[in-house]
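This report covers strand pairing, helix packing and salt bridges, in that order. Please keep the sequence and the 3D view open while reading.

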Amino acid sequence: MPEAVLITPTAPIANHTHGGRAKCLQRLVRLDLPVPTTVALSFMAVHSIANGELPDLEEILERFAPNALLCVRPSSEDPDWGGPGAILNIGMNDARYVELCDSLGRDAAAALYLRFVQSYAIHVARLDPDVFDDVEDNGPDGLSEVLQAYEAETDEPFPQNPAEQLAAVLRSMARAWEGTSARLLRQAKGAPADAGLGLVVQEMVPGYGDGECGSGVLQLVSPDTGMPQITGRYLSQSQGRDALGAGAEAVFLEQDSRGPSLQDLAPAAFAALQAHARLMRQRLREEMQVEFVIVDGEVHILDGVRVTRTAQAAVRIAVALAEDGIIPREEAVMRVDSRLLAELLHRQVAPDAERDEIGHGIAASPGAATGKLVFTAAEAQASAARGEPCVLVRRETSPEDVRGMHAAVAVLTERGGMTSHAAVIGRGLGLPCIVGASDMKFDSKRKQLTSPEGRVFGRGDVVTIDGSSGAVLAGQPDMMEAAEDGAFLTLLAWADEQRDIGIRANADTPEDAKTARKFNAQGIGLCRTEHMFFDPGRLTVMREMIFAETSEGRAAVLARLLPMQREDFQELFRIMEGLPVCIRLFDPPLHEFLPTTRSGQRELSEALGIPVSDVTRRVEEMEEYNPMLGLRGVRLGVTVPEIYDMQARAIFEATLDASKEGEPVVPEIMIPLVSAKREVELVKARIDAVALAVKAERGEDFAYRLGVMVETPRAALRAGEISPNTAFLSFGTNDLTQMTYGMSRDDAGRFMSAYVNQGVFPEDPFHVLDKDGVGELLQLGAERGRAAYPDLTLSICGEHGGNPESIAFCREAGFDYVSCSPFRVPVARLAAAQLAISSQLGPKTEKRAKL
C-alpha cells in the first residue's frame, strides 16, 4: 500500500488503515463536494515516521498547487480517541509573507505568519508558550518579535523550506501519538494501546478575495436538543470585517440580533452549504457538522465531522434519521449508548455551569439536586413539611432513614458502595445519591461537613449533589432539566420490539410501582417488604411483637399488622394489574427494629408499659456479632414462623381482593437467604397451609408461585435439590457477591478504587457482575436447577440487573428476566435490545463507528 494516497473516489482508503477523517473526506469527494486536494497517510506510514522513516515529501508536495499553504490533521480510527492538534498554514515563510502583504495587507499577512510560527514553536519545536507572553502586537512588529524569540530559543532561524516544515510537523504528530502519556489517555477512552493514527495533509483554501470571504462551521440540528436548527459560527474576513466576532456562536438565521448573518452576507453560499449538509446527512447517514471556507462567495468543504451531542440530542437524532428512512430502526436503537438514558430521566448539572467542588464520592444514583444540609431523617421530614428542599447527610443510612430519604431531594453518605442501603434505595426512588465520600469529614454531633481543603458547611448551608459524577458542589449551579420526550419513548418502543429477555423492576412502595409501570417494566421482580414496617404506626407494633414471649403472643400482635400488609399488597397488585409481582418475605434481622439510644429505649418502655431495664436487656440479647450473616431471612421464617404466616395470609387475601377488581392476580412469593433444601420445605409447608386456610375461609380459589432468592453460594451449588420445591430461582447478586468475595458491600467503597486502579479487580464487582466467580455460581445454579426442574424460571434481582454487561451475561446464560431499580428500567430495555440485535446480525455488528 502506498505511504501517501491522494484522496480520490477510488483510492484504497479505509477506517482501519487511514482513520475516520480520511475515510469521511473520501466520502465527501465521492459526493462530488468541493473538497480541497488532500493526501492521506496510513497508520503504517505514520508509525514509520515516528521511527524516523519519512515518506517522499517532494512527491507529497507535488500533489498541491505551487506555493499552497497546507494543514495536517489527525485521523484516528475513532474520533473519540483523540489525537494531536492540527497544524495550519504549513509553507508560510518570509517569501510568502511578502507576497501576501500585496494581496492582504501587511497586518493581515503578519497575523497569518505569526500564528503559524507560534503554533509550530509550541507544538512542533516544543518551546514553552511563556516565551511569547510579552508579544501583544499581531502586526509586523509582533511577527518580528516572535521570529526573534524563536531563534533565541532554538539557536537557529525559523525554517523557511516547506518540505522541512512539513517533515517536522509529521514527525512531531507521529511521535506525540506514540508517546506514553498519549497511550494512557486513549486507553482511558477505550482505545487499544496500539491503536493506529493516520494523518491527512490538505491544501488550505485562502480565505480572502474581492467578494465575501470567511470560514466557519454549520450543522442542521441543535447539539443540545437534537431539534432541527441551523447552528454554527462564521468569521467573515472580507475587507477585514468580522461579521459576528471571532469565535462567537452564530445561529445562521435572517436578522440575527448580533449582526449580519451569513444568509445576509452570502445568500447563495448559505443555500449551497445547507444543500451540502443535507446531502451529507442523507448519504453519510448521520448528522454532520460541515467545516467550510468561502472565497468570493464560493463554498469549499474542508471536513465533515459527526455532530457532538447531549444524551437528549443523541436520542432525537437517531429517531429522526430512522423516521426519515435514512437508517433502519434497529440501527437507531444501536446508536444510542444505553447508559446515556439515565441522564434523560433526571435533572443534571448543566455542562457549562460553574462547579465549586467541595468533595467527591461514588456516583451511586444519577441526577443532580440542590438543597439545604440536614443531618437526620427527622430534620429532612421537617424541612420537606416547610417546603424547603434538603440534602440528607448520614455516615450511612439504615432502614429507619427511608422516610427521611423520601423527604430529601438528595442523599450524601460517608460510607457505602454501589450496593449499600443508600445507593439501592436512592436508585429505587430516583434520588441523586453519593456514597463513600470519605475525603470529607462528617461530624454528626456538630452537624457539619468539612471539605478536604478545610471548608466547613453546617446545617442549612446550600449544596448540590451530582449523583452522575460523584461530585459534591457548593451552592446552586445551573441545571438542565430531565427530557423524557416523544423520541425517548419511540426509541424504547423500538427497543422492546427487538429484545428477547424480560425486564422487571425492584419496587417496594406504590410510588416505586407507578414508576415501574411508567417505564413499561414487565412486572415487579423484587418487592422488599421490610421497609413497610418502619412506618411509625407500624414500628411500635413490630417492636411489641419482638418482646412477645410465646408464639401465640407474637401471632396476636402480628394480627394487628395484617390489615396494613394486606392493603400494601393490594395496592401493588392494583397498580401492576396484569403483570407479575414477586414479593420477598421478611429479610432483615429483628434488632434493626429496636432503638439503640437510651432515649429511644425509654420511649419504647413507655409505649409498651414495661421497665426500661427489660427493654435494655432485650436489646442486648438480640445483638449479633455479624448481623448480615445472623438471624435473618429464611432463618427467621424457620425460628419465628409467625412473621411469614402473617405475610402469606396478607398476600393471599390481597390476591383475592385485587382479583375482584381486575385481572386475576398470581402472586410470586420469594424466600430470602436460603442455603438448604430443608429450609424451603419447612417454609413451603407453612405457606401452603396458610393458602389452604384462606381458600377455605373465603370459599375462593387462587394460584401462586413460590420461589427462592439465591443469595448464598451454597444455594447456587445445591440448586438441583432446591429447585423441585420452587417455581423460580431469583439470584440476589448483591448479597451473593458479598458472600462470594467475603467482602462487605457497605464498606467496599473505602478501598475499591485502589483495587480497580491497581488491577486487583477489573471493575467494582458490586457494580458490574463478576462473570468469573459470581458468574460461575449463577451458571452452576441455573444448570443444576433446570436439570432437576426444566420449567424453572431464572432471573437476577440484584442491582446488577440494570447494568448492560451483566444483562449480556444473563442473556447468554438463558435467564428469563432481570430486575433492577425503576429508574434503570429504560437503560436495561435498551441494552437488552442492543444485545439481541447484535446476536441476530453476527459478531461484526456493533454500534456504528463514528465518522
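## The barrel

Eight strands form a closed barrel with parallel pairing, in the order β24-β25-β26-β27-β28-β29-β30-β31. From one strand to the next the twist averages 25°. Two strands count as paired if DSSP finds at least two bridges between them. Helices (H or I, at least four residues) and strands (E, at least two) are DSSP runs, numbered from the N terminus.

This is a predicted model, in which local features need pLDDT of at least 70 and side-chain atom pairs count only at pLDDT 80 or more, while totals for chains, interfaces and linings use all residues. Residues are numbered from 1 along each chain as its sequence is written, and side-chain values use heavy atoms, with hydrogens and water left out.

R528 has R584 of β26 as its bridge partner. Helix α31 (residues 774-788) packs on the sheet and touches β29 (728-731) and β30 (793-796); its direction makes about 180° with that of β29. Axes are lines fitted to C-alpha atoms, for helices over the stretch in contact, and angles run from 0 to 180 degrees between N-to-C directions.

## A helix crossing

The axes of α20 (residues 536-547) and α22 (residues 598-608) come within 11 Å and cross at roughly 80°. α20 is therefore roughly perpendicular to α22, a term for angles of 65 to 115 degrees. T540, R543, E544 and F547 of α20 make the contact with L604, A607 and L608 of α22; contact means heavy atoms within 4.5 Å.

## Salt bridges

A salt bridge is a side-chain nitrogen of Lys or Arg within 4 Å of a carboxyl oxygen of Asp or Glu. The count by this rule is 56.

D401 bridges to R394, with the closest N and O atoms 3.5 Å apart. D401 counts as buried because its relative accessibility is 4%, whereas R394, at 26%, counts as partly exposed. Buried means under 20% relative accessible area, exposed over 50%, and partly exposed in between (1.4 Å probe, protein chains only). In the salt bridge of D496 with R499 the closest N and O atoms are 2.8 Å apart; D496 is partly exposed at 26% and R499 is buried at 13%.

E642 and R554 meet in a salt bridge at 3.2 Å, N to O. This pair links distant parts of the chain, with E642 in α25 (residues 642-661) and R554 in α21 (residues 551-575), 88 residues apart. Both E642 and R554 are buried.

Note on methods. Parallel < 35°, antiparallel > 145°, perpendicular 65-115°, else oblique.
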